[in-house]
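Trainee: I would like to learn how to read a model such as this one, feature by feature. Please put it up first.

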Amino acid sequence: MDNAFEFTIKSVCFDEHYRPSENTRTTTNFANLARGERRQENLRNTLTMINNRFNALAHWDNAGGDRYALELEIVSAEMQIGVEGNGQAIPLIEVLKTTIVDRKTNERLEGIVGNNFSSYVRDYDFSVVLLGHNRGQAEFSTPDNFGDLHGKLFKCFVNSAAYRQHFKKSPVICLSVSNTKTYHRTENQHPVLGVEYQQDEYSLTDEYFKKMGLK
């Protein structure tokens, strides 16, 4: 499967001047901030909030609370079918890449890629495939092999030469999920991530992202 696809990676700075491209999903969080009459004010306030929160977490040797700044890039991955490169590029996913700027030492530290995850195939699976499968059914269920294609495409992208050329670290995906499962608080508490919660049963979203190699 690796030889069947080629990936192209593009990026744009997410700053107060950011404008969404025509291919950007309309429901993407960072794109929504950049629309409307107060777009620049929204972007500026969001970036200030991000920097303030990061400095609050990295408070050691940072008495003024302004030592660090985060630079964000919106990374778009397109997939082209066929090793000859003659096919039409298909928009696949969008993620955020972070760079930490140390204003005290003038160092630039590479952060993680992933963060806010947007996927066109995932949208189709949940909004079209899953909806159509359960239409008129008495009980909710998932189609056979639900999420398999998305999982394989994601793994193919992460293992591609294009990904390795642009990123040194594995992706970390952050999600906000509405769930009917019960979560139980554990004794574990990370200094940045916070308290760990566990659930007795995996949700549909958990199972879907498990097929991507994430857990």
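Mentor: Start with one residue and its neighbours. Ile93 touches Val75, Ser76, Ala77, Phe117, Ser118, Ser119, Tyr120 and Phe157, leaving aside residues up to four places away in sequence; contact means heavy atoms within 4.5 Å. This is a predicted model, where local features need pLDDT of at least 70 and side-chain atom pairs count only at pLDDT 80 or more, while totals for chains, interfaces and linings use all residues. Residues are numbered from 1 along each chain as its sequence is written, and side-chain values use heavy atoms, with hydrogens and water left out.

Trainee: How many helices and strands are in the protein chain?

Mentor: Helices (H or I, at least four residues) and strands (E, at least two) are DSSP runs, numbered from the N terminus. The protein chain has 6 helices and 7 strands, in the order β-α-α-β-β-β-α-α-α-β-β-β-α from the N terminus.

Trainee: What percentage of the 215 residues count as buried?

Mentor: Buried means under 20% relative accessible area, exposed over 50%, and partly exposed in between, with a 1.4 Å probe and protein chains only. Here 36% of the 215 residues count as buried.

Trainee: Which residues of the largest nonpolar core touch the most other members?

Mentor: A nonpolar core is a set of buried Ala, Val, Leu, Ile, Met, Phe, Trp, Tyr and Cys residues joined through side-chain atoms within 4.5 Å. The largest has 27 residues, and Phe7, Leu92, Ile93, Phe117, Phe157 and Phe209 touch the most other members. Several elements supply at least two residues each, among them strand E1 (5–13), strand E3 (90–102) and helix H4 (148–158). H4 gives the most, with 5 residues. A second, separate core of 10 residues includes Tyr18, Ala31, Ala34 and Leu43.

Trainee: Is Asn62 buried or exposed?

Mentor: Asn62 is buried, at 6% relative accessible area, and lies in the loop between helix H2 (39–57) and strand E2 (68–81). A polar contact is a pair of N or O atoms within 3.5 Å; within protein, one must be able to donate a hydrogen and the other to accept it, and residues adjacent in sequence count only if both atoms are side-chain atoms. The side chain of Asn62 reaches the backbone oxygen of Ala58 at 3.0 Å, and one of its polar atoms lies 3.2 Å from the backbone nitrogen of Asp66.

Trainee: How do strands E6 and E7 run?

Mentor: Two strands pair if DSSP finds at least two bridges between them. Strands E6 (residues 183–190) and E7 (residues 194–199) run antiparallel, joined by 5 bridges. A hairpin of 3 residues connects E6 to E7, and Gln189 stands opposite Val195 in E7.
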